Amino acid sequence: MTDTRGPQPQYEGYATGPLPGEREPATGQAGPYHPPQAYQSPVGGTQGGGTQGGVQGSGGAQATRLPRTGARTTPRTRKARLRVAKADPWSVMKVSFLLSIALGICTVVAAAVLWMVMDAMGVFSTVGGTISEATGSNESNGFDLQSFLSLPRVLIFTSVIAVIDVVLATALATLGAFIYNLSAGFVGGVELTLAEDE
């Protein structure tokens, strides 16, 4: 292969300059190298014996970086002030319906447990005997409390109350959402302050 680059320029620095071993030592005062400091050195010199990072300063010219005293140690809390401008009536109706159903089931279960506890304690027999003696006569035995407050009747009555509670709670919650939207249009709604820990 042939060289097609043509004649190359000669660099005089490499051809005429002295070799590294033939160079004369630089003039000036010889001493250890000190890198430039980012902070100015204090008047009294360095602290702790005049050393910083394993290099001893000369004549108190070595600077010492002092720690920050006002550093924040507790996490900062972000706060946001929000406003509930509108409540969706459909979502309010669904949530209130499910919550009222759960409340109705809890009411029925609580009534059944309470009836069993009172029956085990003998409350119905004692009170029923007293009422039957007070209302009884020679022709009739009086009012029978135990048959009137039997468990099936108590559960049916409690279930009816639970169904009515479901309907009323759902209707009132939906109506309350409409009323809140109307009032929020005039006064701006309820303002909330939310905080978040970092």
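**View 1. Ser 96 sits in helix α2.** We're looking at a predicted model here. Ser 96 counts as buried, because its relative accessible area is 11% and the cut-off for buried is under 20%. Check out its side chain too: a polar atom there lies 2.9 Å from the backbone oxygen of Val 92. Now skip the neighbours within four places in sequence, and see what else Ser 96 touches: it is in contact with Ala 169, Thr 170 and Ala 173.

**View 2. Helix α2 meets helix α5.** Helix α2 covers residues 89-121, and helix α5 covers residues 151-187. Their axes come within 8 Å and cross at roughly 155 degrees. So α2 is roughly antiparallel to α5, since angles over 145 degrees get that label. What kind of residues make up the contact of α2 with α5? They split into 20 nonpolar, 9 polar and 1 charged. As for its handedness, the crossing of α2 and α5 is right-handed.

**View 3. Trp 90 is another residue of helix α2.** Is Trp 90 buried or exposed? Trp 90 is exposed, because its relative accessible area is 51% and exposed means over 50%. Along the sequence, Trp 90 and Ala 177 are 87 residues apart. In space, though, going from C-alpha to C-alpha, Trp 90 and Ala 177 are 9.0 Å apart.

Note on methods:
Residues numbered from 1 in each chain as written. Predicted model: local features only at pLDDT ≥ 70, side-chain atom pairs only at ≥ 80, totals over all residues. Heavy atoms only, no water. Axes fitted to C-alpha atoms, helices over the stretch in contact; angles between N-to-C directions. Helix = DSSP H or I, 4+ residues; strand = E, 2+ residues; numbered from the N terminus. Parallel < 35°, antiparallel > 145°, perpendicular 65-115°, else oblique. Left-handed = near helix turned anticlockwise from the far one by under 90°. Nonpolar A, V, L, I, M, F, W, Y, C, P; charged D, E, K, R; others polar. Buried < 20%, exposed > 50% of the residue type's maximum accessible area, 1.4 Å probe, protein only. Polar contact = N/O pair within 3.5 Å; in protein donor to acceptor, adjacent residues only side chain to side chain. Contact = heavy atoms within 4.5 Å.
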